[in-house]
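User: Hey, I'm new to this one. Can you walk me through the side-chain contacts?
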Amino acid sequence: MSALKSLLSGKTISLILAFIGFLLPFFIQIEGLSEAGHRLLSIFIFAVVLWVSEAIPLFATSACVILLLILFLSDVSADLGWAWGVAEGFGEEGPPRYKVFFDTLANQVLILFLGGFFLAFGAAKFGVDRNLAAIMLKPFGSKPSRVLLGLMLITGVLSMWMSNTATTATIMAVVLPIIHRLDADDKLRAGLAIGIPFAANIGGIGTPIGTPPNAIILGALAKINPETGQPVGQCSFLQWMIFAVPLAMLLLLLAWVMVLLLFPASKKSIEIDMNVKWVKSSKAAIYYATAVFTILMWITGSLHGINSYVVGMFPVAILLATGVVGSKEFRMLEWDVLWLVAGGIALGVGVSATSFDAWIVGLIDWNAMNVGLVGIAICGTALLMSTFISNSAASNLLAPIAIAVASAAGGNVVIILVFVAIGASLAMALPISTPPNAIAYGAGIISTKQMATSGIIVAVVGVGLTYLLLPVLLKMAGLG
């Protein structure tokens, strides 16, 4: 009986569905889709089922996707003539070389993110995150509304440079003692518990290294357009911050007002005791100097000419060479996130090489649609998908399609792709939507209903605010 129950488990069923979905396009002829496109559709369905169900780890799905792309859609398929051989529908240049898919594991966007991981790891190791929180919180006093604002702003700012998950865990450790000192019937208890993960999710929008969807979108923009030989779009580290930081701050204020209205405090003051204690070791000093140097290099790229991807290698090389990050700590970095992003970039290469994106776009008359409505539709799709699956997985699936849609609709590809990233980051209506939500929900202070109500309000108003402001902010950044 237990064996049968195990066989019929959700993971097993998802794996079976993924296998069936992979095989289906090989037996069904879809009008207008080339043989290569059918193979890409097989891999796409396989990825969708496994990324949505998480029957295997997300990064494991990415590894499978890269392998399948190599076997079925690269020049390696020519050596497999005894099995399936090279598909038709690649154009004059033929199938891409297998190295193109392997190269996604060392894509420049992954290096940028790796540099961010090193800085975040050092911040946690030397207590920089807690110390900054203590310093930044002091000016906000003891009034509940101001304390909440301070905590959310601190969380948002830290999340621009650190993992949203790590930031939430750090700030929740500060907030939980405060929550437990409040009366059991004080609604602010739930407000504090909800405000922190929401601020972490929103804050991640602010920088290219703030959250995986941002890296995925940058990877999509960096992809070479075969017709022009140029990248699909350009966006530097500083340009991203110019449009994203103001938007993130406005969304944070929106979330703060929403929390205050839904969860008003019953007390007039809250006392917080946070001591600042800086680590003064030589390794800590090396980390402090490296972090400051790296961040300054990122935001002054236009002055020194070194792009943000190359700058991302500085903290990696310095902190490894000086022993600040040792071999054991090196193995603890979030390599799974990098592989997840690589899988999405590889899938985007396959989508473009097989003209699968053109086939998808051809199903709808985009010219008849307002470009603004296309942006809202893309943003809403990313929001809906990310509510139930990993926002990284949703961005992986939507990025290559969004590029094709932007081209067909005559819209700015940067705007459409940024809509994907922001929609993914605004998905926080359920405990399963993001790791920060899960951490906050696990504290036992808030209910699913409270999180869903708050998350839906922030998401809906946030999408509307993004629709109104994003074109203006991108123009300010020189991307409009």
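Analyst: Let's start with a definition: a salt bridge is a side-chain nitrogen of Lys or Arg within 4 Å of a carboxyl oxygen of Asp or Glu. By that rule, Arg 97 and Asp 75 meet in a salt bridge, at 3.7 Å from N to O. Keep in mind that this is a predicted model.

User: Where do Arg 97 and Asp 75 lie?
Analyst: Both Arg 97 and Asp 75 sit in the loop between H4 and H5, so their pairing ties together parts that are 22 residues apart in sequence.

User: Is Arg 97 buried, exposed or partly exposed? And what about Asp 75?
Analyst: Arg 97 counts as partly exposed, at 48% relative accessibility. Asp 75 is partly exposed too, at 26%.

User: How many salt bridges turn up in the whole structure?
Analyst: The search finds three. One of them joins Glu 329 and Lys 125, whose closest N and O atoms are 2.8 Å apart.

User: Which helices does that pair link?
Analyst: Glu 329 is in helix H17 (residues 327-331) and Lys 125 is in helix H6 (residues 108-125), so this bridge ties together parts that are 204 residues apart in sequence. Glu 329 is buried at 19% relative accessible area, while Lys 125 is partly exposed at 35%.

User: Why does 19% make Glu 329 buried?
Analyst: Because buried means under 20% relative accessible area, and Glu 329 has 19%.

User: What does Arg 39 pair with?
Analyst: Arg 39 forms a salt bridge with Glu 35, with 3.5 Å between the closest N and O atoms. Both residues belong to helix H3 (residues 35-53), where they are four residues apart, about one turn of the helix. Arg 39 is buried, with a relative accessible area of 4%, whereas Glu 35 is partly exposed at 37%.

User: Switching topic: how many aromatic pairs are there?
Analyst: There are 18 aromatic pairs across the whole structure. Among them is Phe 72 with Trp 84, a stacked pair at 4.2 Å centre to centre with 15 degrees between the planes.

User: Which parts of the chain does that one tie together?
Analyst: Phe 72 lies in helix H4 (residues 58-73) and Trp 84 lies in the loop between H4 and helix H5 (98-102), so the pair ties together parts that are 12 residues apart in sequence. Phe 72 is buried at 7% relative accessible area, and Trp 84 is partly exposed at 34%.

User: Last topic: how many disulfides?
Analyst: Zero, from a search of the whole structure. Take Cys 235: its nearest cysteine sulfur belongs to Cys 379, 16 Å away.

User: Why isn't that a disulfide?
Analyst: Because a disulfide needs the two cysteine sulfur atoms within 2.5 Å, and these are 16 Å apart.

User: Are those cysteines buried or exposed?
Analyst: Cys 235 counts as buried at 11% relative accessibility, and Cys 379 counts as buried at 0%.

Technical notes. Residues are numbered from 1 along each chain as its sequence is written. This is a predicted model: local features need pLDDT of at least 70, side-chain atom pairs count only at pLDDT 80 or more; totals for chains, interfaces and linings use all residues. Side-chain values use heavy atoms; hydrogens and water are left out. Rings of Phe, Tyr and Trp (its six-membered ring) pair if their centres lie within 6.5 Å; planes under 30 degrees apart count as stacked, over 60 as edge-to-face and the rest as tilted. Helices (H or I, at least four residues) and strands (E, at least two) are DSSP runs, numbered from the N terminus. Buried means under 20% relative accessible area, exposed over 50%, partly exposed in between (1.4 Å probe, protein chains only).
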